Amino acid sequence: MAADPKVEVRYRQVNRMPFLAHGSHRIRYELDGPLGAPAYVLVNGLTQFSELWTAYRDALTGKGFRVATFDLLGQGASDKPELFISQDDQVKALRLLIGELGDGPVFLSGISFGGLIALRYAIEHGEKLAGLVPMSAFAELSPQLMLLGNALRTGLILGGTGYLQDLLLPMNLSDSWLKPLLNNLDAVKRQGWLVNDAYALQNLMESFLDFQPLTPQLASIKTPTMILNGEFDFLTPRSLHETLRVNIPDSSLVIIPNAYHAFTLEKAALTADLLARFAEDVLANRWRGNKAVWIAPEEPGGEMIPFPDGYDHLRAIPVKRAAS
Amino acid sequence: MSRFLGPLDSTGRVPPLQQTRIAAFLISAHGALARHLAMALPGQLSAGWQTELNAQFHREMEIVSLLMRATSWVPDFNLPYHALVWEAAWLPKPVAGVTDQRQAMTIDIAALGHAVHGAIRPAAVLPVEAQAQDPFVMALRRIEFESSRMIQPQILFLKSDDLKPMREAVSAAVENRHRQVGKLWAELLEGIGVGRDAETE
């Protein structure tokens with residue numbers, strides 16, 4: 001049960017979908033895997049919906065994890081508050097869901113906007129977590145990210161959800177993923193377009209209008225943290241992940257080779273494997289963050305490689321790191 | 001019950017009764033918004049923001065005009081009853097919790113506009129096989145496309161600093177209008193064999 005007495009938790013079963021209730025709003029969620037097992041909670045990106053984690057659900061439950069997915073307020077089958085959706089409410093929704101998982105170890109991971117919500121949760125309730133995996137995430141709005149966000153919001157307003165998807169697909173996915181789908185992109189976009197409403201996405205974007213950087217609070221995250229960043233992430237580049245690595249004490253930064261912002265869609269098998277390995281290392285007390293920088297393997301099960309000593313991982317060309 | 005309109009005919013067109021019922025509903029809703037805007041629109045504009053009123057009025061009228069011409073109408077003897085229910089629903093009601101009655105009425109009209117442009121997604125009930133060049137199909141897609149722009153003045157007004165002191169009343173008004181419009185839209189769709197929670201595409 002949720003610890004916050006102000007928040008009423010009740011369950012409803014509508015068309016076999018379970019819902020949590022946060023005030024008057026319903027939050028659709030799904031739990032899979034064995035009761036009492038270490039759990040992974042996966043938080044969607046801005047334009048996503050929980051079915052996009054299906055490959056993770058299968059892979060992680062196959063390795064004995066419990067997996068919790070949900071639609072954020074304003075997304076998919078969860079309620080879509082009409083005018084205001086605060087990030088605090090998203091953290092409260094996440095708290096409700098994690099409250100359903102019992103006392104076993106909980107690992108929390110989120111992509112992009114979901115990564116931000118996961119960071120906020122870890123800052124406020126880190127003691128509940130065994131591990132944290134922010135993916136394509138950020139703790140502050142750099143000028144580039146703020147301007148890109150504004151432009152994406154304008155695109156949504158002027159062109160609707162479909163146009164926003166048109167902008168995000170080439171920005172966040174590789175040529176090799178897009179090429180075979182070029183003649184079928186409408187089908188790729190359709191489910192996201194069907195389940196997400198433009199005004200609700202706009203509300204999610206406008207939850208950044210009063211955003212304050214999380215950077216000063218990152219040091220309070222004591223939980224083991226693996227930060228995942230695509231090699232070619234254009235939307236949230238390395239520098240934004242570096243802020244997380246430098247400020248979260250027990251963290252490592254893992255660069256996913258040949259990956260873009262939405263690598264969770266493009267490299268699901270690899271990412272699920274990295275999530276499982278991280279949790280297994282933490283549970284076996286093998287994890288040492290050390291603020292290290294690693295390069296992930298190309299394939300699941302491959303070897304993690306330390307970033308070459310002396311070179312600057314913030315550059316795209318091999319430049320020696322300045323002596324500190 | 002299907003999640004989408006149909007069954008389509010051999011050329012990918014939506015059945016005329018479904019067209020008739022949907023067009024009548026949308027004409028009723030957007031026509032009501034057009035009437036509200038016409039009442040609020042002064043003969044001589046005196047402030048910059050009133051230009052948006054003028055634009056909104058004509059966009060609502062464009063939707064009405066488009067549907068009248070793009071729909072394959074058939075007789076529907078249930079329509080008069082439905083139209084009465086719909087028209088009664090669109091009547092403005094001053095929002096509770098706002099003392100200035102003129103402002104309370106304006107908030108309700110904006111809330112109705114937010115709901116009509118936000119809660120009704122006519123293109124989302126079109127199956128992928130629908131004939132893209134059919135006028136009715138194109139009209140539904142156009143209405144949904146325009147809605148994400150047309151909702152903006154309502155959003156700006158309802159989220160404005162002027163209304164911050166009464167945010168709870170405003171949010172409740174918008175929520176109520178969304179619930180009402182969403183329910184009418186869902187009932188309309190169920191009446192023509194379309195269910196939001198049906199699983200078949």
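**The A–B interface and selected side-chain pairs**

Let me begin within chain A, where Asp273(A) and Lys63(A) are joined by a salt bridge with N and O 3.1 Å apart; the term denotes a side-chain nitrogen of Lys or Arg within 4 Å of a carboxyl oxygen of Asp or Glu. This pair connects distant parts of the chain, 210 residues apart: Asp273(A) belongs to helix α10 (residues 268-283), and Lys63(A) to the loop between α1 (54-62) and β5 (66-70) of chain A. Helices (H or I, at least four residues) and strands (E, at least two) are DSSP runs, numbered from the N terminus. Over all chains, the count is 28 salt bridges.

The model is predicted: local features need pLDDT of at least 70 and side-chain atom pairs pLDDT 80 or more, while totals for chains, interfaces and linings use all residues. Residues are numbered from 1 along each chain as its sequence is written, chains are lettered from A and ligands numbered from 1 in the order in which they are written, and side-chain values use heavy atoms, without hydrogens and water.

I turn now to the interface. Chain B contributes 28 residues to the contact and chain A contributes 21 residues, contact meaning heavy atoms within 4.5 Å. About 2,100 Å² is buried between the two chains, with carbon and sulfur atoms giving 51%; buried area is the accessible area (1.4 Å probe) that two parts lose on being put together, summed over both. On the chain B side, the most area is lost to chain A by Arg121(B), Ser148(B) and Lys159(B), together 27% of what that side buries.

Which residue of chain A forms a salt bridge with Lys159(B)? The partner is Glu206(A), with the closest N and O atoms 2.5 Å apart. Between chain B and chain A the count is 2 salt bridges.

Which element of chain B gives the largest share of the side that touches chain A? That element is α7(B), with 6 residues. By class, this side of chain B divides into 12 nonpolar, 6 polar and 10 charged residues. Here Ala, Val, Leu, Ile, Met, Phe, Trp, Tyr, Cys and Pro count as nonpolar, Asp, Glu, Lys and Arg as charged, and the others, Gly among them, as polar.

Finally, charges over rings, defined by NZ of Lys or CZ of Arg within 6 Å of the ring centre and within 35 degrees of the ring normal. Arg167(B) lies over the face of Phe84(A), 3.8 Å from the ring centre. Within chain A, Arg26(A) sits over the face of Phe19(A) at 3.9 Å from the ring centre.
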